[in-house]
Each structure stands twice: as structure tokens, then as C-alpha cells.
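Here's a quick briefing to read alongside the model. It covers an annotated stretch, a sheet and a helix pair.

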Amino acid sequence: MTQRVTGQRFRQRKLSTKQNLPVLRENEVEKLPDDDASRHIPKVETGVEKGEEIVTVISAAQAAAQGGGKAAHLYIPTPDAVASKLQYEDLYPRHFTQPATYIRFSSTVEDMIGCPYCMTAEDVAWLKKYNEKKSKGVQCSEDEFEQVMNFFEEATQTKQPYAAVDNSPVLSYEDLEAEFDETISEPSRRFAKDIYQHWKDERLRRGNRSLMPTLKFETNLETDDADPYVCFRRREVRQVRKTRGRDAQVTEKLKKLRKELEEARLLMSYVKRRELLIRDQLAMDKLIFEQRSAVKEIKRKLSIKGDDEELLINQKPAPKPKPRVDMQAVQRGIPGMGPKPQVTRPDGRLVDSDMVSLDDQLAKKSEMIDGFIEENLNKHQKWNVGWVDATWRPITPPLEQSAAKSDFRRVFTDSQLPTPPASVSSEEAGDAMAVERANKQVEPRRSARIRFATPPDDVPYQDQSRFRRRTGRGGRVMIDRRGVKRQKLEAIDERVADRWKFAGDSSEDEQTYPVDWTDNLHIRYRIMIERQGEKQHAQATAAAAAAHNRRSIENHNRSASGHLMPPTPTNTG
Amino acid sequence: MAPRENSHEPSGTPVPVETGFATLAQLRVGVKAFVEKDGEKRKAEILMTQIRGGKPKFYVHYEDFNKRLDEWIGAERIDLSKEVEWPAPEKPEKKKAGSSSKTDKASQSKQSKSDQKNPKRSRSKLDREISATPEATSVNLPGKAPRPSKASGKENNELLVTSEVTDGTTPKPEDEDMDVVDIQDAAAAAKAIPAHEYSREDEIEKLRTSGSMTQNQTEISRVRNLEKVQMGKYEIEPWYFSPYPIDFVDSEMVYICEFCLSYYPEVTQFERHRSKCTLLHPPGNEIYRDDYVSFFEIDGRRQRTWCRNLCLLSKLFLDHKTLYYDVDPFLFYCMCTRDEHGCHLVGYFSKEKESAEGYNVACILTLPQYQRKGFGKLLIDFSYLLSKREGKLGSPEKPLSDLGLLGYRAYWQEIIVDLLIDGRVEANIEDLGAATAMTTNDVLHTLQNLNMLRYSKNQHVIVLTDAVIEQRERQKAKEKIKGKRSIDPDRLIWKPPVFSAASRTWNW
């Protein structure tokens, strides 16, 4: 209707949608633009329904709004919705609690509405009368009634799908009874026969049509097409061309689906079996526990002593301590090589390898390495029995027992020396001890750095100060230190030092010593320190090495070689 | 256009409308009489008569009103003190062949309700005969013989009006020719466009492959079949026919469960249902939530029952919606408000999983009990948000209803004016579309409709008219008072669903 063919008097440029058009205000355009001209802009078909009469009213109203400069209040009258008299609160109880996350939901209506048959007023009346005759114990509930009715309806639907069309007789009770299945519960069946009569009456009253009103679906009769009540037809699917390739493809796909389904099923059955076993085991444990308490009771009564371990305590070995096995190696004081990050599986063990946990594997591996190292060490010691190894950096220091890991302590524990003032400026610096304790949480390195607990990553390894205590011969206690600025005991040397004061081009603090980081001693030492760190990490994660105080690092950059310090009793005060 | 040319013929010889006084007994289908409506007398056409409870009842259509206001009335509301218009006498047969569907429609509407169960027989026969022997006019319409005058009378009457509008040879400017009289005529004309322009076969084929809006006049011209609907806290008067079970025509009230949308013809059944129903929100995934509304996405294929129920419900309020085919190829985006009772369906729009014509909405509806509260705009906004997320331009499926068009035009206007008003000096129609996910055509239509697209100084310009600016200001002021509800794109958790070829073809 909007399309009007008009005689054009002059040709105009076509409107291009890609072109930028100037945006103007009303006052920037000349008044009353040529009406004709504006009409030459091609009218756009909105596809708005042509038959919709009010559409024209709308455009009229809008035209009026534009023309008059006033918006006509547009109102399309519609039939009213009014408040219902039904008791909303009763019918729709307040059950909904909104989950924090967006709802995800896939159950269907059928899953959610229970028995689809709903009692009519007639049903209610019938049931009331029926129950009156019955004694209290055997009354038929509404749910049971509906279950039976629903069963009758559904059974009829499957047995006589065209009951409404072909005037087939109402099914007999015997026919229906033969169909009883799990959809109709035991208690409901008791009433089935009585309800049948009612159902049959209702059914007959409606010409053997379904009692619950149903939609009309296509029946493939000719009448379907124009029947306004027939709805939701299937869309005929375009026939896919049948080729051999396609067939194979489809077969493959089905096979694959089948296989996947089988696998999933198998998995589920295993899970089920496992859970059953667990249940059995729990039952067994409980039994054992109970019998033990019985035994205990009896023993107490008969006042038998002894044998408690056998009878009353679980003999099952405690589960193997988990991966921290390397601790033992550390304790033995033999620094082994650190566990490799990935376990390369021995070839032969692939079969049940799935069942072995990675932790176990790692532990085993590192144990093996540690064992190997220790063995060699022992061998070495045997060779050296009676000999003094006077070489530089002997593998086994002849007189020292290899320092036991446990002998290494953090210097600044509560019972020992106070923590030196923090070098890293921190508002909590004053209360370092408290911080250290507070730090024994999970927070590892990162925050620990601020709290001067673990050696910071960015300070060079050799600059970090370390301590250990050893017990020497005769019970002498020695504290080894590393990276701590030596007190300037050698005051005498001042003069000497002075002599060299300006000799180099670098200040003494910047002096560095070349270190061969790959040499054995260093590796060993580093490993040992690392082990120590690990252990402490496990005990109190954050507080690993409070002794590695940064302050001293700043004071003292010496001892960069990483050598074990000679056993000098010191006091770092 | 073809049908109108067809209708030119009678316009040459206009048949005067026959008027006169009538008695109650003389009233019949096709008669136009004055009927009291909301305290006013309005001219209404009788579409159907029936005896109910011993009294005659008339189903009337008020002129100039949408069909949704058609209603059953008692004889006491008909004003017989005024003259009635009689349906025009029968026209030559030739006429009827040309507009068979129309005739058919008329005949169909005359059929009593019991008859409606099986209208096809007479109809298909009719169609066949018409198509088979278009010239054999005398043999035509044997079934209609007993009541020819009524049927053809109505048709002719309407066609007559049509011609009056269309045969005006001098084109008038679009915006000016719409005075009241013309509107009436146009309305009648629109109604009278014969449906054979769009054959039923075309229609079905179109529906099979896409969309859910019917273009076919015969599809939409049915007498409303439900009296009243109870849903949630409201009782609603249906507007249009919906293929609920045929038994429901006898119920005074049909009860619809607010959550699962199941339908029950009597209150006892409904109450029983409510005691068992555990659904509390639309059965799909929530994809959007703000403190006002939630949106749920529901796949017609997975939630067939629920979506069918929804379609039946919405058909009560959508004239052009068709339920001819099943819901499988659609996704339903349902907007809900929440409280402790559950998520109350407020409105929804459906969307084809794959639209050949680039529609981003198939049907869109705010339930009548929630209308005029700004929900429609949220729905439209959300549909465009989805299109933006998909990186596509979208447009609603046509035809739009009157209310739908109103809603869309308001939305388009607001969005486009907002974009233009920011002080830019140039605008490009395609860019406007891209920024709003609107099709170029819709942008053009909006600009044109607001008289913003003009030709000045030898070039096209976009004019922000005073009227448009004023309207926007007023709207802003209103929003300030009432608070503005809008869709927040950040709260949409959604990826465009992908449907494999298999899920589209293995429909059943």
C-alpha cells in the first residue's frame, strides 16, 4: 500500500547506503522541501503485513505526530487482563531459590509434572463416594487413582491408537490387566478393577475418546490439511541421496557411537563395582571394630592381660609415607641427586603402570638414586679405611662423619638467637619473630621474601648466609657459617688493607671470586642446602631459612666461593 | 497488486449499500449493525450467530478495530433502533471464482462450531473444483448454493471498498492522504485482499522451510475459540484462535500452568496438576540475568512439549503466527521475572536456528498481562544483542502485527536517533546498521518513516527533525522519572549455538 507508482518529472541520483550522508537539523534544511523530491527516495518495503488494517492507522498517527509536531498518544486497544480470583499463593507455593550461578536445566515437562492424568470434578466425586464405602485402611488416594486412570489411558492409546476414529469398543478390564507394568504401582493395582468401571463410563460418555484433552496431530488423512486444529506437523525431511559412501559413513558413525556407549557403560559398571567393594570393606571394618570391642569387653571381664596388639590393634601396616622419602637420604647425610622431574618408565613395567601413582614412582626412583650414591660412598670409605685422604675436596671427609641433615638447624628459632634486624625494609621488621611464626602458613616464597624468611630469589646464591651446627669430636659444637660478614677481628690488618686501598679500581665490597659452579663440592653443597630447604619447607613452609638474613648479605659479599667455612666458633650476634 | 486490479471491475459500477431497519430475527451473518461497545455505539459486522442457552449470540467484528476485539455479544447490545446495512446481493459468479478463498473464508466462518471440526472436506472440494474448472462458473460452488447471498454479499461489499481506495489514479503524498475516511477504507481494503495471491501450497512450502508467520489470509481468519484463560495471577481474554484441544471450546475458562504452560479445561484438574508440577522456570539454560529479568534459551527440539505449549499460548495473542509445523527448528528465548514462586514468563521471542532470510526473530510476544510495561523493548533489545554477538544483521520475520510494528518502530527510532544525536556530521546507512545489528532496510525504513531522509541541495541528507528530537527528550525525561530498564551486554553468557547438519535434518 505504501508503494505508489508516481510519474517522475526529473531524474534524481539514487540513494546509496554506503555513502556518508550529512546529518542536519531541521533548521539547516530549507523549509518545506519539495514534497515530490522527498518522495523520489525509493520507498522501502518493510514487509509489514499488508492486510493488517491498523498498520495504516499507525502510519496515519505518526504522520499526524510529525505534521503537528506533537506526538499523538498512540493507543491500540486490547482486551484486558484482570487479576484472577484463584488463590495464587496456594497454587504456586514459594519454592524457588535462585542459585548463584545461571541456571542450567535439561529436564523436560514430562519429567517435571508427575502423573499426566489430572482428576476432573467427576473423578473427585466418584472417588469420594468410593472411599466412603471403604474402611480407613484401604482408601484409594488421589495419586493412586490418577495412576490407574493414567495407566488405562496410556494402555488404550497404545492398543487402540485410533479409538477416536474407528469406533473401536472400550478395552475390557482383562485386556488392560494383561498390560500391567511398572508404571502402575502395587498399591494402586488393588483399586484398578473398581476404577475400571468408572473409567469405562467416562470413556463411553466421550465416545471412547481420550479423557485428557489432547492436541490434534496429523493423521495423514486428507482432512488434516485444512483443519485448523491440526498443528505441529512434522516437516518432511528432504530425502538424502543414498550412496554407498554415505551408507558406510553412517554405519561407521553408528559403530562409533555404539562403541562409545559401550565404553561409557563399562566404565560405569566398574565404578559401581568399586563402590560396592568399598561398601563391603566398610562393613567389614565395622564388623572388625565391633568384634574387637566385644573381645575387649570379654577380656576386661575375664581380666586377661596382654595380647592387646594382636587382637585390638589393626595389624595392617600403615600406609607408606608418601613422596617425601628422600628425607631419609638427606638424614643420612648423603646428598643424592634430586629427583628428576619426570619419571621415565622402565620398559617392562608398562602393563600395570596405570595403577602406580606418580608419587610412588618418583619416590622409588629417588630412593634408588640415593641408595646408589650411598653404596658408592660406602665403597669409597671402605677403600679408604686406614688411609687419610689428604687430597683437596675429598669425596668423604676422612674425619668427619658426613654431616647429618638433622644437625643443620635454622639459627634463629625461638629458642635460639634472636632474628637480626631485617635488611629488607618492612613495616613489620621490628617484630621479625612474630612474623616468622605467622608465616608458617602456606604462603611460600613470594610473600616470604618480604618477610625475610626464605632466601630471596634475586640475591645471588653465594651471597646468602647460611649456618649449620655440627658436633665434633669430644662433643664440640661447631657452627658453620657461610655468607656472613666476618667481624673485623683483624684490626691489625687495617694497615695492610689501607695499603691496598686504592690499588684496585673497584671497591672492596665489589670484589668477587671466580667460582666453578660445576665442581663436585659445590654441587653437593647446593643439593644439601636444597634438601634442607625442602625439609623445612615441608615442616613449616614459609619459614624455611630465616637464618638467611639479608642484612648480612649487604654487609658482606665475601665468601662467594661457597666453600664450607672452617669450623670456627662464631657468634653472629 | 493483482487482486486489486481484479477489484477494479466492480468499482466502475458501485453497488449502493442497502440499508434498513431490522428485527432481531432478521439479523444474520454479514449484517452490519450498531453495537454498544464501552458505552459507545459502534458499527460492527456479524460474523457468526449461535444459540446459546436458548438465546441468540452474535460474534461481531467492530469496524476500525483489530480482530482481537471481536467478541460474542448478546442481542441486548445491538441497537436496532438504527438502520443496519444489509449484505449486498449476490454478484455474478465470475467474481467468486476470482476470490475463492475469500468466499470460502466467509463460508467457513459461518459454519457452526461443531462443523469446524471438519471444514476441510467442503473446502478442499471447493478448491479443487475451482482450480479444475475455472470457467465453468455455473457448476461452481455447489456446496454454497443454499447460502450464496450472504457469502458473496460480504465479499463484494469489501471488494467494493477496496476499489475505492486503489483506483484513485492520482497518487497522493503518502503522509497526507490518510484522513479518517481513507483509513477506514484502507482498513477494509486490507482485510479484503483476497488470499489467492498467496496460495496455500506456496504458504505451506514456505512454512516448511522457514519461519512461522503466515502470509495467508485464510489462515488468520478464524473465530476465537477460547473464552478466557487463567494464568498465574491473571485472567486473560484471548485475542485470536489457537488450536488448543477442540474440547476446550466448551470451557468457560482454560487454566494454564504458569511454569510448564500445560492447559486444563477445569479448575479441579488444574489444581491437581499444580500439586504435582515441580517446574519453576522455563526448562532450559539461563543465558542472561540482571536484577530485573532473566532470559532462558530453549531448544524446540529438546523441549518439544514445553515449546508447543508456549506456541499454543502465544497463538492466542498473535494473529499471523501459525502452528502448522512443529517447533523443532526454533530456539525460544524466554524472558522471566523472578520471585520466590519461581521465574514468571513475561514474554519471549522465537528464532530460527538457521534463517534463510536472515531473520533474528520469528515470533515475539509480551504476554498481555505484562504489556505496556516496557518489556517489549527489552525483548527487542535482547534479540539485537544476540545478533550482535553472532556478528550478523537481523530483522524480525514479517508480517509484524500492529503492536509488533509499533514496538519495533519505537525501538528503531530510539536506537537510531540516539546514534545520530551525538553530534556527528555525517552518517552512513550501512554503518548505522552495522552498529545496531539492524538491516539496512530497517534503517532506511525507520529514517523514511520519521521523515528524516530528504533530498536537499541536490543530495540526500539525514535530517534530525525537531519532532524526533523533542520526542527523544521527552522520553529521556520519562526515563529519568521511571528509571530506565535496559539489557546489559556483559551479563549475557552465551555463544551462538551451532547446529550440525545432522541435528537439523534428523528431525524426528
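Starting with chain A, the unreviewed UniProt entry annotates residues 247-274 as a "coiled-coil region". Keep in mind that this is a predicted model. In it, that span of chain A is 100% helix and 0% strand, and its end C-alpha atoms sit 40 Å apart.

**The sheet in chain B**

- Five strands of chain B line up as E12-E13-E14-E15-E17, making an open sheet with antiparallel pairing.
- At the edges you'll find E12 (285-289) and E17 (364-366) of chain B, each pairing on one side only.
- From one strand to the next, the twist averages 25°.
- E12(B) and E13(B) (residues 293-299) run antiparallel and are joined by four bridges.
- Looking across to E13(B), B:Arg289 has B:Ser294 opposite.
- Helix H11 of chain B (residues 304-315) packs on this sheet and touches E13, E14 (330-339), E15 (342-352) and E17 of chain B.
- The direction of H11(B) makes about 80° with that of E14(B).

**The H13/H15 helix pair in chain B**

- The axes of H13(B) (residues 402-420) and H15(B) (residues 440-449) come within 10 Å and cross at roughly 90°.
- On the H13(B) side, the contact is made by B:Arg409, B:Trp412, B:Gln413, B:Ile416 and B:Leu420.
- H15(B) contributes B:Asp442, B:Val443, B:His445, B:Thr446, B:Leu447 and B:Asn449.
- By type, the residues of this H13(B)-H15(B) contact split into five nonpolar, four polar and two charged.

Conventions: Residues are numbered from 1 along each chain as its sequence is written. Chains are lettered from A and ligands numbered from 1 in the order in which they are written. This is a predicted model: local features need pLDDT of at least 70, side-chain atom pairs count only at pLDDT 80 or more; totals for chains, interfaces and linings use all residues. Side-chain values use heavy atoms; hydrogens and water are left out. Axes are lines fitted to C-alpha atoms, for helices over the stretch in contact, and angles run from 0 to 180 degrees between N-to-C directions. Helices (H or I, at least four residues) and strands (E, at least two) are DSSP runs, numbered from the N terminus. Contact means heavy atoms within 4.5 Å. Ala, Val, Leu, Ile, Met, Phe, Trp, Tyr, Cys and Pro count as nonpolar, Asp, Glu, Lys and Arg as charged, and the others, Gly among them, as polar. UniProt positions are given in the numbering used here, feature names are shortened, and annotations may be inferred rather than shown by experiment. Two strands pair if DSSP finds at least two bridges between them.
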